[in-house]
Amino acid sequence: MKRVLLVDNGSLEAAGTRQLRRLATALEARVGAKVEALSLAHSDGIASEKLDGRAAELFGPGLVRALSEGANEIVVAPLFVGPSNAITRWLPAMIEERAKGRAGVSVKVAHPLWAPGERRLAEILADEVRAALIARGPASAAAGAARSRVAVVDHGSPTRAVTAARDGIAAEVRELLGEAVAEVAACSMERREGPEFDFNEPTLERLLARAEWRRGPLVVAPLFIAPGRHAGPQGDVARIVKAARGDELRDVTFSRVLGESPRLVEILAERVRNAG
């Protein structure tokens, strides 16, 4: 019996789990197998009444439950942009611990959402930026109007390959948007201290401190899957932008998170099919 485990990092915000469940439902219709919505951490701390009475479930217990229910062909679909430690270390370790020695059981981990040379994630982000530009109104398209700058911002990672994915996506978005915008820059919401993590630079705060980024139209394009403590309307990204822009916040537009696009499920379905 085949089972797909759609796994995100997890959040204490109910909106993140709700979106994960919506994606799981949409993915189930695409792959013809039951899809479970699971998180690596945090989400089990959300009160069940905020989730329609059904508590969030973490990956470890969810995997054990799937095995106990007779699933012998399991595909783990990571809802992650790049190859973070969660995919390359934590998931394999948890699978080894819980599925080791089970005869006839196959557990495979699919690739993350972005792959070099595959532009679909960048196309989604570029479409969201275009929608944000339209939302600013006709003034943004008027002759002589200043073109927007676009900040593609991720969380920031201790893993260089994750930042390389961010930079690759930003470069693709830059090509896709072309002359419609003034500039596209990749940045991190935060970073760890120490020169060994300088590859995360610039941070969003430092980017917005540059003279050409301090004023004028700006689109903040969050490279996040779901709203929550970081990417939500009152989240860390918005707080950093507000602190940097102050009265100039009226010129700032935020594009939607990636999970709002129905096209994200297309990528997930392909990852599941290729893994299985």
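**Helix 4 against helix 5**

I looked up how helix 4 (residues 120–135) meets helix 5 in this predicted model. Their axes come within 9 Å of each other and cross at roughly 55 degrees; axes are lines fitted to C-alpha atoms over the stretch in contact, with angles from 0 to 180 degrees between N-to-C directions. That angle makes helix 4 oblique to helix 5 (under 35 degrees is roughly parallel, over 145 roughly antiparallel, 65 to 115 roughly perpendicular, the rest oblique). From helix 4 the contact (heavy atoms within 4.5 Å) takes in Leu-121, Ala-122, Glu-123, Leu-125, Ala-126, Val-129 and Arg-130. Helix 5 contributes Ile-169, Glu-172, Val-173, Leu-176 and Leu-177. Helices (H or I, at least four residues) and strands (E, at least two) are DSSP runs numbered from the N terminus.

For my own record, residues are numbered from 1 along each chain as its sequence is written, and side-chain values use heavy atoms, with hydrogens and water left out. Local features need pLDDT of at least 70 and side-chain atom pairs count only at 80 or more, while totals for chains, interfaces and linings use all residues.

**Helix 1 against helix 8**

I then took helix 1 (residues 14–31) and helix 8 (residues 264–275), whose axes come within 9 Å and cross at roughly 55 degrees. Helix 1 is therefore oblique to helix 8. On helix 1 the contact residues are Leu-23, Ala-26, Leu-27, Arg-30 and Val-31. On helix 8 I noted Leu-264, Val-265, Glu-266, Leu-268, Ala-269, Val-272 and Arg-273.

**Helix 7 and its end**

Which residues of helix 7 (residues 236–245) are buried? I found Asp-236, Val-237, Ala-238, Ile-240, Val-241 and Arg-245, where buried means under 20% relative accessible area, exposed over 50% and partly exposed in between (1.4 Å probe, protein chains only). An aspartate and an arginine, Asp-236 and Arg-245, are on that list. The buried residues of helix 7 pack against strand 5 (149–154), helix 6 (204–209), strand 7 (218–222) and strand 8 (252–254). Gly-246 follows the helix and has a positive phi, near 55 degrees.

I checked for aromatic pairs and got a count of one. Phe-197 and Phe-199 make up this pair, edge-to-face, with 6.3 Å between the centres and 65 degrees between the planes. The rule takes rings of Phe, Tyr and Trp (its six-membered ring) with centres within 6.5 Å; planes under 30 degrees apart are stacked, over 60 edge-to-face and the rest tilted. Both phenylalanines are buried.

Phe-199 came up again when I looked at Thr-163: setting aside residues up to four places away in sequence, Thr-163 touches Ser-157, Phe-199 and Asn-200. Thr-163 belongs to helix 5 (residues 160–177). Thr-163 counts as buried because its relative accessibility is 2%.

**Arg-192**

I placed Arg-192 in the loop between strand 6 and helix 6. Apart from neighbours within four places in sequence, Arg-192 is in contact with Pro-158 and Phe-197. I also took the distance to Val-220, which is 28 residues away along the chain: the C-alpha atoms are 22 Å apart.

**Ser-255**

Val-220 is also one of the contacts of Ser-255. Ser-255 sits in the loop between strand 8 and helix 8. Leaving aside neighbours within four places, I listed Glu-128, Val-129, Ala-132, Val-219, Val-220, Ala-221 and Pro-222 as its contacts. At 7% relative accessibility, Ser-255 is buried.

**Backbone entries**

Where is the cis peptide bond that I noted? The bond runs from Glu-201 to Pro-202, with omega near 0 degrees. Pro-202 lies in the loop between strand 6 (183–188) and helix 6.

I looked up two non-glycine residues with positive phi, His-42 near 75 degrees and Asp-52 near 55 degrees. His-42 is in the loop between strand 2 (34–39) and helix 2 (59–68), and Asp-52 is also placed between strand 2 and helix 2. Are these residues exposed or partly exposed? His-42 is partly exposed because its relative accessible area is 43%. Asp-52, at 66%, is exposed.
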